[in-house]
Amino acid sequence: MSVAYPIDLHTHSLRSDGALAPAELIRRAAEHGVRVQALADHDTLAGIAEAQAEGERAGVRVIPATELNTESEWGDVHVLAYFVDPADAALEERLRWLRDNRGRRIELMVEKLNALGYTVSLERVREIAQGGSLGRPHLAQALFEAGHVPTYDAAFDTLISKDAPAYVSRVGLTPLEAVRLAREHGGAPSLAHPATVDGLEELLPRLAEAGLAGIECYYGSHTPELTSRCLRLAARHRLVPTGGSDYHGRGEHGADLGGVFVPPETVDALERRAVR
Ligand code: AMP
Ligand code: FE
Ligand code: FE
Ligand code: ZN
């Protein structure tokens, strides 16, 4: 088993589109040598309690987080909300609305796929999700299983990515709304994998103005040049440079647990930016 870096601030479990149960994910990370880990499932905090309980056993500090995927003209803008409270009922209500919208969107995509001749059942997609926050990765898995695509990743490339024939846009938050939601609930929002944003330099000052606290500079697919560029943007807008693997345990998306170097001062700096 490979040795990992001790801090990983971006991981997913099967409470959203990851493949491992929260406890299993933490155990695996601990075995690799991870000591501080954020569980950042999409639009849900349902896995946090289980992850934290396992973290206490395994010696991993688990930071509560959620990743909010937004809808806008700015490409794929995902906001990681750190240090939010799983017991915050008002936040949970907003997250439930986002999850309901996810469900309806996947239903529409299944209908489109079936009309295109790629037969998949919504029941099977729900089974794959195992009660987690539904997403396109579950659909990709179902398409792969049914033999409609040669690989999991090919499902995205040919059928369900933006501009692909079965894509349906999201009903949800704009990037600014996602930053504000995290802020209103005492969290520290960080812009995930900035390379997927269109018009980063224009969007970033607006997000910073709305309360963005960090930007994910350290990310598996970043070149050193891109990391440097993000670090310069972080300095310019007074943002904490964050980082993580985006581990899903599914397909080729994301690095391995603890696979990305994150500087040790990051966690305290981010926590100081969370408003309580
Ligand atoms: P959704 O929130 O349902 O739109 O699904 C978006 C999620 O799909 C992202 O958070 C990633 O986990 C995953 N994803 C997006 N693009 C790809 C891709 N090209 N290959 C594999 N996974 C992807
Ligand atoms: Fe994901
Ligand atoms: Fe993301
Ligand atoms: Zn992610």
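Student: Is the crossing of α4 and α5 left-handed or right-handed?

Tutor: The two helices cross in a right-handed way. Keep in mind that this is a predicted model.

Student: At what angle do the axes of α4 and α5 cross, and within what distance do they come?

Tutor: The axes of α4 (residues 122-129) and α5 (residues 136-145) cross at roughly 115° and come within 9 Å.

Student: Which residues make that contact?

Tutor: On the α4 side they are R124, V125, I128 and A129. Helix α5 supplies H138, L139, Q141, A142 and E145. By type, 5 of the contact residues are nonpolar, 2 are polar and 2 are charged.

Student: Other topic. What coordinates the zinc ion (ligand 4)?

Tutor: Four residues do: H10 and H12, each through NE2, E67 through OE, and D246 through OD. The distances are 2.1 to 2.2 Å.

Student: Why is the arrangement around the zinc ion irregular?

Tutor: Because the angles subtended by its 4 donor atoms run from 79 to 172°. Four donors count as tetrahedral if all angles lie between 85 and 135 degrees.

Student: How are the donor residues spaced in sequence?

Tutor: The pattern is H-x1-H-x54-E-x178-D. H10 sits in strand β1 (residues 7-11) and E67 in strand β3 (residues 61-69), so this pair ties together parts 57 residues apart in sequence.

Student: And H10, buried or exposed?

Tutor: H10 is buried, at 0% relative accessible area. E67 also counts as buried, with 1% relative accessibility.

Student: What separates the zinc ion from the iron ion (ligand 2)?

Tutor: A distance of 4.4 Å.

Methods:
Residues are numbered from 1 along each chain as its sequence is written. Chains are lettered from A and ligands numbered from 1 in the order in which they are written. This is a predicted model: local features need pLDDT of at least 70, side-chain atom pairs count only at pLDDT 80 or more; totals for chains, interfaces and linings use all residues. Side-chain values use heavy atoms; hydrogens and water are left out. Donors are N, O and S atoms within 2.8 Å of the metal (3.2 Å for Na, K and Ca); water is not among the atoms, so sites may look incomplete. Four donors count as tetrahedral if all angles lie between 85 and 135 degrees; four count as square planar and six as octahedral if opposite donors are over 155 degrees apart and all others between 65 and 115; anything else is irregular. Helices (H or I, at least four residues) and strands (E, at least two) are DSSP runs, numbered from the N terminus. Buried means under 20% relative accessible area, exposed over 50%, partly exposed in between (1.4 Å probe, protein chains only). Axes are lines fitted to C-alpha atoms, for helices over the stretch in contact, and angles run from 0 to 180 degrees between N-to-C directions. A crossing is left-handed if the near helix is turned anticlockwise from the far one by less than a right angle, and right-handed if clockwise. Contact means heavy atoms within 4.5 Å. Ala, Val, Leu, Ile, Met, Phe, Trp, Tyr, Cys and Pro count as nonpolar, Asp, Glu, Lys and Arg as charged, and the others, Gly among them, as polar.
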